Amino acid sequence: MQSLMQDIPLTTNWIFDRGVQYFGTKTVTTVTATGRQTQSYADVAEETRRLAAAIDSLGISPGGRVGTFAWNTARHLGLYFAIPGTGRIMHTVNIRYFAEQVIYTVDHAEDEAIFVDRSLLPLLGQYLPSLHGVKHVIVMDDGATTEIPDDPRILDYDELLASVEPIDFSDRVSDERQGAALCYTTGTTGNPKGVLYSHRSTWLHSNACLTTSVFALTEADRILPVVPMFHANAWGIPYAAFLAGSALVMPGADLSPGSLITLMESEKVTIAAGVPTIWMGMVPLLPDHDLSRLRTIICGGSAVPKALSEAWRATIGLPITQAWGMTELSPLGSVCIMRSEFDDLPEDERADIRATAGIAPPGVELRIVDADTRQPLPWDDAASGELECRGPWIAKQYFKTDEPGEQFSPDGWLRTGDVASISPLGYLRLVDRTKDLIKSGGEWISSVDLENTIMGHPAVAEAAVIAVPHPKWSERPLACVVVKPGESVTKEELLAFLAERLTKWQLPDDIVFIDEVPKTSVGKFSKKTLRDRFGDHALPSV
């Protein structure tokens, strides 16, 4: 027997309409090349309705893809609603991709138009001659003085919007399973893969972010998404914030530690979200700024070193909240909320729990399986296996593929490529990526654990560990270390530090000092780059 409940489609338009109706006076502040611009939700909505009409006027096909090549701004937020809200699909193009990856993803997505910030025109302009399928390039003036390329496809954003009247697009999407946004993976191996989010998955993900199991967003919050809006929809924060009525602080192009921490202080930010490298760069600046309004620092993209979280706690009394996810998960998979069972634990034990990836929110199921038998393993915090997940905002296959493929199990779970263990209370501990584990003499060494231990040394800023060939043990760890400015440490001192904390066979066979750990397009450590550079490194003979 079917229920007798109303069947109202769960769409991004629902999020938009609620945000405007209930929270029209809330604000979106954008940092531009000429200063800061603050608009109310109502102002953003009026521009978004005009933007929707402009997209219609361009003749974008139903379900057609519209690209964005932009920083975190109020205008980019408007595109988040106007593109899917009119029945098209938003493709957030990763501005930090290599040239061939930008061209590949725009062609693969079949983008019909691209909205671009003027400050990013020099970058996009390099690719325009190769983007034959793009019919329109709409330039959004962000205060930059960049010269406009000579391309007949280029239109001015303000002139385009001035040529139309605002429209109400509330009822334009009737099928909640229709595509809403297209994001591509970071493409560290092979071409990036497209993940097509639906209106329904976006609505469900946004609602989960408002719960206390996740970020507990409310209308009292002022949220700074440092995570780029071109990466997994900025972790879903723009949609979730608008649904909650939270004020948004958009950092624009300047993501330097000094600019961001000044912005956090002056705008009285309560929640900020970004990758570990962002928060590492701010640590030396913390004593000179008042961040007393801050209640949550969300960190994802890669494992959060315990030393980094503790540095924030020691300085301002607030540790970092670790989250885990993937583009394929919209991207939220787990958040390290601290359960009441931990209230009376000593601080060092609480710090160990905070170093985990936390628990899955309602809407995500996790399991770990044996790599050979594919059988589920127990949640005892000891067994480790390949992490798999499923849920209503998790991909079931990639864009433009005929079948799920090898990254999905026969029974429909996403194979994440992470190796993990799970505690009896459900706390996820990521051991490593399967491709980054080091197999030494029949024993597995976690590069993540080794990196976190190295970064516990007070003189170390960053550390990445890779496997290099060894004639006897097959592979051994090589540590690539960045020393903090003004500090010094020798290889021998570091090895002695590690010897007090690790067993002998876990110690790196060698340490190389580098100026910076290379990063991927979304700020993760690029171990592929390090393997290309040091893969033939000769280990010292013992």
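Let us start with an open sheet of four strands, ordered E16-E17-E18-E19, in which the pairing is antiparallel. Its two edges are strand E16, residues 365-369, and strand E19, residues 428-433, and each of these pairs on one side only. From one strand to the next, the twist averages 50 degrees. Please keep in mind as you look around that this is a predicted model.

To see how two neighbours in this sheet are joined, follow strand E18, which spans residues 414-422. Five bridges link E18 to E19, and the two strands run antiparallel.

One is where strand E10 (residues 222-225) meets strand E12 (residues 271-274): three bridges join them, and they run parallel. Within this pair, Ile 223 has Ile 271 in E12 as its bridge partner. The other place is where strand E14, residues 321-325, meets strand E15, residues 332-335; three bridges join these as well, but the two strands run antiparallel. Here Ala 323 stands opposite Val 335 in E15. E14 and E15 form a hairpin, with six residues between them. In the turn, look for Ser 330, which has a positive phi of about 75 degrees.

Two packed helices are described by the angle between their axes and the distance between the axes. For helix H1 (residues 12-23) and helix H2 (residues 41-57), the axes come within 9 Å and cross at roughly 140 degrees. An angle over 145 degrees would count as roughly antiparallel, and H1 and H2 are therefore oblique to each other. Their crossing is left-handed. On the H1 side, the residues that meet H2 are Phe 16, Gly 19, Val 20 and Phe 23. On the H2 side, they are Tyr 41, Ala 45, Thr 48 and Arg 49. Sorted by class, this contact has five nonpolar residues, two polar ones and one charged one.

Finally, let us visit two single residues. Is Thr 202 buried or exposed? This residue lies in helix H7, residues 199-209, and it counts as buried because its relative accessibility is 8%, while the cut-off for buried is under 20%. Leaving aside residues up to four places away in sequence, Thr 202 touches Thr 12, Ile 15, Ala 180, Tyr 197 and Tyr 239.

Asp 352, in helix H13 (residues 347-354), has a relative accessible area of 41%, so it is partly exposed. Asp 352 and Lys 306 are 46 residues apart in sequence, and their C-alpha atoms are 7.4 Å apart in space.

Definitions and conventions
Residues are numbered from 1 along each chain as its sequence is written. This is a predicted model: local features need pLDDT of at least 70, side-chain atom pairs count only at pLDDT 80 or more; totals for chains, interfaces and linings use all residues. Side-chain values use heavy atoms; hydrogens and water are left out. Axes are lines fitted to C-alpha atoms, for helices over the stretch in contact, and angles run from 0 to 180 degrees between N-to-C directions. Angles under 35 degrees count as roughly parallel, over 145 as roughly antiparallel, 65 to 115 as roughly perpendicular and the rest as oblique. A crossing is left-handed if the near helix is turned anticlockwise from the far one by less than a right angle, and right-handed if clockwise. Contact means heavy atoms within 4.5 Å. Ala, Val, Leu, Ile, Met, Phe, Trp, Tyr, Cys and Pro count as nonpolar, Asp, Glu, Lys and Arg as charged, and the others, Gly among them, as polar. Two strands pair if DSSP finds at least two bridges between them. Buried means under 20% relative accessible area, exposed over 50%, partly exposed in between (1.4 Å probe, protein chains only).
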